[in-house]
Amino acid sequence: MRTVATNLLAGLTVAFVALPLALAFGIGSGLGAQAGLVTAVIAGMIASALGGSRYQVSGPTGAMTVILIPVVALYGATAVLQVGLMASALLILAGLLKLGRHIHRLPTALIEGFTAGIAIVIAMQQVAFVLGVELQASDHIWQSVIDEVRIWIDEPRPWPLIIGILAITANLIGAARWPKLPVALASIIALTVTANFLGLDVDRIGSLPQDFIAPSLDFLSAGNWLGLVPAALAIAFLAGLESLLSAKIADKLAGSYDHDSNRELIGQGVANLVVPFFGGVPATAALARTAVNIRAGATSRLAGFSHGLFLLIFVLLLAPQIGQIPLAALGGVLIATAYHMVRVRELIYTASRSRLDMLVLVITMISTVALDLISALAIGLLLYLVLRRTRLSYLTPVIDPEETLGD
């Protein structure tokens, strides 16, 4: 019973952390807060039960929103459900073909540059929310940010910006001083209460549908299936990569090395097979929530599974209060989350190993921001494969790790 109680407590702790992130990633994807909540609840339970790791916590992630925003802009919200379903089939197939072990062989420089680029894109996606302006749809995220800043300069709204800055500051300082506390949730509650008390002019999440958990098959009759194949491939690859890297790191954090890569792919695939029928976005394992789960004492799948149940209870009991949350507060939380995704010491160390690693890392990161995820991965991997046997791979490191990594 003690073990059960410990895992339930860990699940409750993760639910506190996951709630604001689920809301924010749902809104960031273009489908709305309810989509993020549905994904966190359903994928959180299914992937924990069927996946290959005892510690993983799955749900919507920032990396996925980077792919989903252009999909919504080009094909509409229904297309997200379609690509999620197609990606689920690819994940299950990859697991059955036992491809899990090969994903770990990707170059570290490619992964680090890709992750850093995604973090920058996530932060840029929040500019509209923090400034309190309407999201601008452009071919590239940097173009959208320029347009959003221009709109704010023409008609400045101070309160969303103030709330966003307060959320960023609270989460950066709070995470450093109290890493075990749900700082994101606490900051959102405080800022929501303050905004309501002062009657501030800020955009809110809005009401959540009472039937948000009801299944639907309507998206199956939509068109564009063939045109969405590239996006589905990107989502499947990203979901597999993010989940397996998270599982690998989770094993190290927990001091055990027993995750099953192929089962993890199948578990994530089944979770993403179910989620679209409930209006959710594609899901993957989330390292930040997984790390919280381990630090909270999780020892079994019950912790990750119960986190989904606790989230469902929160939504059913607190839907009106959740609808009052300012979008600027969620944007601030995600900017802080993006900051923590960029592991500066790891970037410096990876770039210091050789000129090839530095080149792959920097070009992959820039391509992720300037182009798109698929192009960035293709460019980074092609560059690595073409140049790995040249002198660039063996030259003396550009940066001395002992100097840059010193305290």
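Helix 9 buries Pro160, Ile163, Gly164, Ala167, Ile168, Asn171 and Gly174. Viewed down the axis of helix 9, these buried residues fall within an arc of 155°, so they line one face of the helix. Keep in mind as you look around that this is a predicted model; its average pLDDT is 85, and 94% of the residues score at least 70.

**Helix 9 and its surroundings**

- Helix 9 runs over residues 158-177, which makes 20 residues.
- From first C-alpha to last, helix 9 reaches 28 Å, close to the 28 Å expected at 1.5 Å a residue.
- The partners of its buried residues are helix 7, helix 10 (183-198) and helix 15 (327-341), against which they pack.
- Over on the other side of helix 9, you will find Ala176 and Arg177 exposed.

**The nonpolar cores**

- The largest nonpolar core brings together 57 residues. Those with the most contacts inside this core are Leu68, Val83, Phe114, Ile118, Ile235, Leu238 and Leu373.
- Several helices give two or more residues to this core, including helix 3 (62-75), helix 4 (78-96), helix 11 (229-254) and helix 18 (373-387).
- Helix 6 gives the most to this core, with ten residues.
- A separate core lies apart from this one, with 42 residues; among them are Ala33, Leu185, Val202 and Ile325.
- As general background, nonpolar side chains in soluble globular proteins tend to be buried together.

- Leu238 touches Ala63, Met64, Ile67, Phe114, Ile118 and Leu373, leaving aside residues up to four places away in sequence. Of these partners, Phe114, Ile118 and Leu373 are also listed among the residues with the most contacts inside the largest core.
- Leu90 sits in helix 4.
- Beyond residues up to four places away in sequence, Leu90 touches Ala232, Leu233 and Ala236.
- Leu90 and Val274 are 184 residues apart in sequence, and their C-alpha atoms are 14 Å apart in space.

- Which elements have the highest and the lowest mean pLDDT? Helix 12 (residues 261-274) has the highest, at 96, while helix 19 (residues 401-404) has the lowest, at 35.
- Over residues 396-407, pLDDT stays under 50, and the model has 15 contacts beyond four places in sequence for this stretch.
- Where pLDDT is low, the predicted coordinates should not be read in detail.

Technical notes:
Residues numbered from 1 in each chain as written. Predicted model: local features only at pLDDT ≥ 70, side-chain atom pairs only at ≥ 80, totals over all residues. Heavy atoms only, no water. Core = buried A, V, L, I, M, F, W, Y, C linked by side-chain atoms within 4.5 Å. Buried < 20%, exposed > 50% of the residue type's maximum accessible area, 1.4 Å probe, protein only. Helix = DSSP H or I, 4+ residues; strand = E, 2+ residues; numbered from the N terminus. Contact = heavy atoms within 4.5 Å. Expected span 1.5 Å × (residues − 1). Arc of directions from axis to C-beta. pLDDT = per-residue confidence, 0-100.
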